[in-house]
Amino acid sequence: MTITLIDARGKKRSLRAGASDRAGRLATAGETVYLQTGTRLTYRDKRGQFRRAKVGTLPPVEVRIPLRRGDALRIHREQAAGEPAGIDGSGRRRVHAHISCTLPQVFRRVRPGQKVVFDNGVIEGIVEKAGRAAFLVRITYTAGSSASLRADKGINLPQTNVALRGLTPKDRDDCVSLRGMRIL
């Protein structure tokens with residue numbers, strides 16, 4: 001049985017259904033598929049009738065992106081899950097490791113040669129190429145021989161003016177110190 005779907009990135013994908021038991025059904029894919037809870041599935045039953053189903057609740061999976069000195073990391077505006085570098089059968093890199101950044105100002109301001117710090121200094125790099133939709137960072141330091149970048153770790157751009165505002169006048173009015181005094 002073939003199961004078709006639109007994955008979490010909006011890509012049309014198909015799965016080949018295999019063995020099943022009370023816990024569910026095993027399926028394989030010929031290319032990367034990003035499933036998420038609620039993804040709609042379409043398939044034909046034994047009578048040839050189209051059926052629909054949804055992916056049930058999936059447990060969270062933390063993807064670690066291993067990085068070493070000299071590796072490249074692509075940071076992009078597209079909100080897609082980060083992935084480690086793609087390696088082919090001969091051990092050659094096919095695709096750079098990549099992560100997304102939710103702050104659009106970064107892509108207008110970052111320049112080649114600027115420093116980038118991840119995870120409070122566990123990983124550092126220098127911007128090699130910069131564009132409106134993505135920039136490429138060459139890793140220059142990792143704590144140890146390698147380090148893993150995980151979801152929700154900070155990206156610090158100490159040499160990039162990202163033009164973020166600090167406290168607004170309303171924020172200042174809303175802030176009250178422990179003694180009940182307004183912060184000026």
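Analyst: Asp 119 touches Lys 153 and Gly 154, when residues up to four places away in sequence are not counted; contact here means heavy atoms within 4.5 Å. This is a predicted model, in which local features need pLDDT of at least 70 and side-chain atom pairs count only at pLDDT 80 or more, while totals for chains, interfaces and linings use all residues. Residues are numbered from 1 along each chain as its sequence is written, and side-chain values use heavy atoms, with hydrogens and water left out.

Asp 119 lies in the loop between E11 and E12, and Asn 120 has its place in that loop as well. The labels follow DSSP runs numbered from the N terminus: helices (H or I) have at least four residues and strands (E) at least two. Is Asp 119 buried or exposed? Asp 119 counts as buried because its relative accessibility is 15%, whereas Asn 120 is exposed because its relative accessible area is 83%. The cut-offs are under 20% relative accessible area for buried, over 50% for exposed, and partly exposed in between, with a 1.4 Å probe and protein chains only.

Most residues other than glycine have a negative phi. Asp 119, however, has a positive phi near 50°, and Asn 120 has a positive phi of about 55° although it is not a glycine.

Two strands are said to pair if DSSP finds at least two bridges between them. The open sheet that holds them has six strands in the order E10-E7-E13-E12-E11-E15, with mixed pairing. E10 and strand E15 (155-156) each have a single partner strand at the edges, so one side of each is left without a neighbour in the sheet.

In soluble globular proteins, nonpolar side chains tend to be buried together.

Apart from neighbours within four places in sequence, its contacts include Leu 73, Ile 75, Val 106, Phe 107, Val 116 and Val 127. Phe 135 is buried because its relative accessible area is 2%, and Phe 107 counts as buried because its relative accessibility is 3%.

How many aromatic pairs are there? The count comes to one, under a rule that requires ring centres of Phe, Tyr or Trp (its six-membered ring) to lie within 6.5 Å, with planes under 30 degrees apart called stacked, over 60 edge-to-face, and the rest tilted. Phe 107 and Phe 135 form this tilted pair, at 5.7 Å centre to centre and 55° between the planes. The pair links distant parts of the chain, with Phe 107 in helix H1 and Phe 135 in strand E13, 28 residues apart.

Elsewhere, an open sheet of five strands has the order E3-E2-E1-E4-E5, with antiparallel pairing. Strand E3 (24-28) and strand E5 (50-54) are its edges, each with a single partner strand, so one side of each lacks a neighbour in the sheet. Strand E4 (residues 40-44) pairs with E5 in the antiparallel sense over five bridges. E4 and E5 form a hairpin with five residues between them, and Gly 48 in the turn has a positive phi of about 85°. Thr 42 has Arg 52 in E5 as its bridge partner, and Thr 42 in E4 is also the bridge partner of Thr 4. Two bridges join strand E1 (residues 2-6) to E4, and these strands run antiparallel.
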